[in-house]
Amino acid sequence: MDTGLSYNRGMQQPDYCPLCRFDRTRFVDSVRNLDAHCVTDALDLVETHSCYFVCEQCGTVFQYPPPTFDEMANYFKNTKVSDSAIFLDVKKDLFQQRLGFLKTHIGLASGRVVEVGCREGNFLKLLKDTYGYDVFGIDPSEHATQMARSVNGIDTKTATLESLDLKAEGLYQAFDLAYVMHAMEYVYEPGPFLTQLVQLIKPGGYLYLEVPYLGYPYETLICGKYIFRQQLSHFLGSGLGLFLKSLGITVTETLIDIGHSYPSFQVIGRKMSYAELGESLFRQELDHMNARYIEAGQKLNHLITDYSQVALWGAGYDLHRVLTLMPSLIQPDKLVLIDENPNKQGKQLCGIPIRASASVTTANILAITPSAEALRQDILKDVQQRFPDVPVVELFAESEKKDTLNIV
Ligand SMILES: [Zn+2]
């Protein structure tokens, strides 16, 4: 099929996904005659074709190569319709609905709010007037931010978010809520954009992110519905959620709004505080450790069931953890506990007397209890010397091999 498209004349393959930077991407489709779907004729794109790729990791569908910087600048320069009274009326409903949404799902009573891609600051003004928030806007358009200041009285910064030195600007972790409505789809690299966005939010603060929603990217792309040349990326909820998670944002709510001009995907997330983050990592580690002890305990349970007398070698911390996590294993009549440390001999561990190996004459099976590899090897040598005919089991041998901890 001769589509006459640029990719047929040597399609360029992207190096990586603009969101998660994964290096495997696949060609999806190309779209031509985009002007039929564009809200504006600002882009001179009649003969231009857009090629779309999908990231095989996060599912983001993106244009490659994207429109040039000049094309994008031209688009934004020519879409100043939003300062007209008519446009404001159209938007009012939408803004009111989003205000209600924020109130219901975030419930902030007061605080500082930043909108990235604030345009003329109409939404921020509404937010300020309705709830009394302390508001701030960031937008690259000189014209829009000037309007925001002069017409709406909103404090703004004229810049792209990615270009800002947040600490120097006093914007680092300065906001209770960062609000982004239909802006991220215009960004060349949404990954660094989101990373920087999260830096604006105080620990424990909120993120509101809204992007166009394609649903089934492939089908929608093929029929060309809701596809606009000026929108560089289209996000899949799950991939976006996972990426936000990697930045310390827990997604608390997602919604698909089909009530307006085209479907929107709304995400509310909360930036975990350091205390919450620490607790969560601690719990993960604890769960991981407990899983190892429980696995060892299950092994010991099998031994107690299968043998009338089980000798345990090593009256240390690991065995103590196993027995306290699974107290049903504390069966002094079935267990013989050996430790060659004279300081421990004559004492008890969980009610089981600790004995020297020399005082033990019989055992059906012997279990080595420490989790540390080196200690186990030492004990194994002693066991083979002392009880050469008794079968030996290592309670922690298997768990040790798959001892990897995944944090994040
Ligand atoms: Zn990706």
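How many contacts beyond four places in sequence does the model have for residues 33–47, where pLDDT stays under 50? The model has 26 of them. A contact here means two residues whose C-beta atoms, placed from the backbone, lie within 7 Å. pLDDT is the predictor's confidence in each residue, from 0 to 100. Residues 1–10 also stay under 50, and for them the model has ten contacts beyond four places in sequence. Over the protein chain the mean pLDDT is 83, and 83% of the residues reach 70 or more.

This is a predicted model: local features need pLDDT of at least 70, side-chain atom pairs count only at pLDDT 80 or more, and totals for chains, interfaces and linings use all residues. Residues are numbered from 1 along each chain as its sequence is written.

Start with the open sheet of seven strands. Its order is E6-E5-E4-E7-E8-E11-E10, and the pairing is mixed. Helices (H or I, at least four residues) and strands (E, at least two) are DSSP runs, numbered from the N terminus. Two strands pair if DSSP finds at least two bridges between them. Strand E6 (156–158) and strand E10 (249–257) are the edge strands, each pairing on one side only. From one strand to the next, the twist averages 15°.

Now move inside this sheet. Strand E4 (residues 112–116) has four of its five residues buried, so it is largely enclosed by the rest of the structure. Buried means 20 or more other C-beta atoms within 10 Å of the residue's own; exposed means 12 or fewer, and partly exposed lies in between, with C-beta atoms placed from the backbone. E4 and E5 run parallel and are joined by five bridges. Arg-112 stands opposite Asp-134 in E5. Strand E7 (residues 175–181) and strand E8 (residues 201–212) also run parallel, through six bridges. Phe-175 has Ile-201 in E8 as its bridge partner.

Helices pack here too. Helix H8 (residues 237–246) touches E10 and strand E11 (264–271), and its direction makes about 155° with that of E10. Helix H4 (residues 142–150) lies across strand E5 (134–139) and E6, running at about 165° to E6. Axes are lines fitted to C-alpha atoms, for helices over the stretch in contact; angles run from 0 to 180 degrees between N-to-C directions.

Next, the cores. A nonpolar core is a set of buried Ala, Val, Leu, Ile, Met, Phe, Trp, Tyr and Cys residues joined through C-beta atoms within 7 Å. The largest has 61 residues, of which Val-114, Ala-178, Val-180 and Tyr-208 touch the most other members. Domain 1 (6–63) and domain 2 (82–272) both give residues to this core, so it lies between them. The domain bounds come from an automatic or database domain assignment. Another core lies apart from it, with 28 residues, among them Leu-300, Ile-338, Leu-349 and Ile-379.

Finally, the open sheet of six strands. The order is E14-E15-E13-E12-E16-E17, again with mixed pairing. Strand E14 (348–349) and strand E17 (392–394) stand at the edges with a single partner strand each, so one side of each is left without a neighbour in the sheet. Strand E16 (residues 365–368) runs parallel to E17, with three bridges between them. Leu-366 has Val-392 in E17 as its bridge partner. Helix H9 (residues 274–306) packs on the sheet and touches strand E12 (310–313), E16 and E17, at about 170° to the direction of E16. Helix H11 (residues 373–386) touches E12, E16 and E17 as well, at about 155° to E16.
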